[in-house]
Amino acid sequence: MQFNFNSTEPIYLQVARQIEDAIFTGGFHEGEQVPSTTEISREFHINPATVLKGMNLLVSQGLIEKHRGVGMFVSKGAHGQIIQARQQDFYEKYVIKVVTEAVKLDISKEELNRLIEQGYQYEGNRS
Amino acid sequence: MKGIEVKQITKRYGKKVILNGIGFELEPNKIYGLLGRNGAGKSTLLNIMTDRVSADDGEIRLDGVDIQDNDQQLGNMYLMSEVDLYPKAAKVSQIFKWTAQLYNGFDMELAMKLAQKFDLDVKAQFSKLSTGYRTIMKLIIALSVQVEFIFLDEPVLGLDANHRDLFYKELVQSYSDNPRTFVISTHLIEEVAQLIEHVLVIDQGRLIIDDETEDILKNAYMISGAEEEVDQYVDGLNVIGSDKLASLKASYVFGELDNRVIPDRVSIDKMDLQTLFINLTNGGQNNE
């Protein structure tokens, strides 16, 4: 986990996003325990109340769940749920931005399509 | 009320007013940051709050009872400060024992464990310790006295980066294991910005900020871009300072931005606590 404290995002949201990222990338698997509030607070010098706020956000989204007296665990189906949410965000978060920037730079629609095609080739060569 | 009430504290040294009608409350089990520039009156305030120095006016109450000359109330507070109050020949282990006699519930096991983690030799004489290790010993005591209110005046003075990191970790651990109130007075704002839940800022003897860290940062903005457009955008907003580089300008706004239209070439970012602090306490002067 990594926190960028100069970021404009409130710390509790960063905590939530970092854990979500770790679930997404497979750092924390479904059914596995996530680090405790104290462990995260201690490691990154963050107020425990702030960490808890971030954790509670994930609990309310159903991504992690509390097992009384034991700790927090990654919920079943959390990985799929994150992918679904991110697919929904994809258009707004990336596509719109790319198109807006392309228009500003006078890149034509055909040229943009060609660049996307090129991007796919690059990705194909990498893997 | 539960907790500490600071009521209208005023302190003068000669004609100079050090603290001017300071008032706020400290709730149980919270971590506070007490911030202010050199000479702002932070140490004086902490000394008054723990009855080491008396105020000219005002009072301090703990759970509704005046703390002045009240040993029972004062036993619930601990002030760790730069001042060295220990006899020259005293060994660290002796100082631990004396403290344990003064404060009920001093956690000797924790103190010894922390001494080991920080590599503090408990058999060494206090007066022969380096500045950094004197601070470490005092920090260990502050974390080990199990009182409800702990005041840390410049807690990391003389500590290297590794020891500062270890201290913040142990502080969080100790707070999680046994929640109580900490008030941290420090110059190193960046290091504690994520740790403090509530911020108190003293400037020129007055309390100018008393709010939750998150709420403060919600309304702290940096507006940057071409000078003319920035000036136009921030007109009427609460501008607390600005920086300039050639024709580029960054204006710092503390307060809501309302719904005005953001010009294309002006960008809006959030301010961090340190930047906000600098701009609030530079005497109204721009940094240009």
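First, the ground rules. The model is predicted, so to speak of local features takes pLDDT of at least 70 and side-chain atom pairs count only at pLDDT 80 or more, while totals for chains, interfaces and linings use all residues. Residues are numbered from 1 along each chain as its sequence is written, chains are lettered from A and ligands numbered from 1 in the order in which they are written, and side-chain values use heavy atoms, with hydrogens and water left out.

Chain A, then. Chain A has five helices and two strands; these are DSSP runs, H or I of at least four residues for helices and E of at least two for strands, numbered from the N terminus. Their order along the sequence is α-α-α-β-β-α-α. With a radius of gyration of 19 Å, well over the 14 Å that the globule rule gives for 127 residues, chain A is more spread out than a compact globule. That radius is taken over C-alpha atoms, and the rule is 2.2 Å times the number of residues to the power 0.38. The C-alpha trace of chain A spans about 60 × 30 × 25 Å along its principal axes. Of the 127 residues in chain A, 27% are buried. Buried means under 20% relative accessible area, exposed means over 50%, and partly exposed is in between, with a 1.4 Å probe and protein chains only.

Now the interface. Chain A brings 15 residues to the contact and chain B brings 18 residues, where contact means heavy atoms within 4.5 Å. Between them the two chains bury about 1,500 Å², with 52% of it on carbon and sulfur atoms; buried area is the accessible area (1.4 Å probe) that two parts lose on being put together, summed over both.

How many salt bridges are there between chain A and chain B? The count is three, a salt bridge being a side-chain nitrogen of Lys or Arg within 4 Å of a carboxyl oxygen of Asp or Glu. Arg42(A) and Glu170(B) form a salt bridge through their side chains, at 3.2 Å from N to O. On chain A, the elements that give two or more residues to the side touching chain B are helix H1 (11-24), helix H2 (37-44) and helix H3 (48-60). H2(A) supplies the largest share of that side, four residues.

On to the wider set of charged pairs. Side chains of opposite charge can pair when their charged atoms come close. Over all chains, a search of the whole structure finds 22 salt bridges. One of them joins the side chains of Arg164(B) and Glu191(B), 2.8 Å from N to O. Arg164(B) is in helix H6 (residues 161-177) of chain B and Glu191(B) in helix H7 (residues 189-192) of chain B, so the pair ties together parts 27 residues apart in sequence. Glu191(B) is partly exposed, at 24% relative accessibility.

A salt bridge also links Lys218(B) with Asp215(B), with the closest N and O atoms 3.3 Å apart. Both residues lie in helix H8 (residues 213-218) of chain B, three residues apart, about one turn of the helix. Lys218(B) is partly exposed at 46% relative accessible area, and Asp215(B) is partly exposed at 34%.

Last, Lys244(B) and Glu227(B) meet in a side-chain salt bridge, 3.3 Å from N to O. Lys244(B) sits in strand S12 (residues 239-245) of chain B and Glu227(B) in helix H9 (residues 227-234) of chain B, 17 residues apart.
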